Amino acid sequence: MKINEVRELETKDLAEKLENAVAKLNQLKMNHTISPLENPSQIKAVRRDIARMKTVLRQRELNK
């Protein structure tokens, strides 16, 4: 997910997507522990998406 896509989302939708991304990251980590993932760079991509979402949420919080 690109930063522009994240910024276009409303705060409520962004928070919901963040929760889903965190759940997805936990699931990917668990699956990778049990048996190696076909594409382990997925974990890195999801982690970065989470960071982008948290950054935008924090910026919105500070701008209020």
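Arg52 and Asp49 form a salt bridge (a side-chain nitrogen of Lys or Arg within 4 Å of a carboxyl oxygen of Asp or Glu), with their closest N and O atoms 2.8 Å apart. The model is predicted: local features need pLDDT of at least 70 and side-chain atom pairs count only at pLDDT 80 or more, while totals for chains, interfaces and linings use all residues. Residues are numbered from 1 along each chain as its sequence is written, and side-chain values use heavy atoms, leaving out hydrogens and water.

**Salt bridges**
- The structure holds two salt bridges.
- Arg52 and Asp49 are three residues apart in helix α3, so about one helical turn separates them.
- Asp49 is buried at 17% relative accessible area, whereas Arg52 is partly exposed at 30% (buried is under 20%, exposed over 50%, partly exposed in between; 1.4 Å probe, protein chains only).
- Glu61 and Arg58 form a salt bridge at 2.6 Å, N to O, and are likewise three residues apart in helix α3.
- Glu61 is exposed at 51%, and Arg58 is partly exposed at 43%.

**Charged surface patches**
- Lys29, Lys44, Arg47 and Arg48 gather in a positive patch on the surface (patch residues have over 30% relative accessible area and no salt bridge, like charges being joined within 9 Å).
- Helix α3 (residues 41–63) supplies the largest share of this patch, three residues; helices are DSSP runs of H or I, at least four residues.
- Lys29 is found in helix α2 (residues 11–34) and is partly exposed at 42% relative accessibility.
- Glu10, Asp13, Glu16 and Glu19 gather in a negative patch on the surface, and Glu16 lies in helix α2.

Notes. Patches are made of residues with over 30% relative accessible area and no salt bridge: like charges are joined within 9 Å, nonpolar side chains (Val, Leu, Ile, Met, Phe, Trp, Tyr) within 5 Å. Accessible areas come from the Shrake-Rupley method with a 1.4 Å probe; for residues, only the protein chains shown count as cover. Lys and Arg count as positive and Asp and Glu as negative; His and the chain ends are not counted. The place of a charge is taken as NZ of Lys, CZ of Arg, CG of Asp or CD of Glu. Helices (H or I, at least four residues) and strands (E, at least two) are DSSP runs, numbered from the N terminus.
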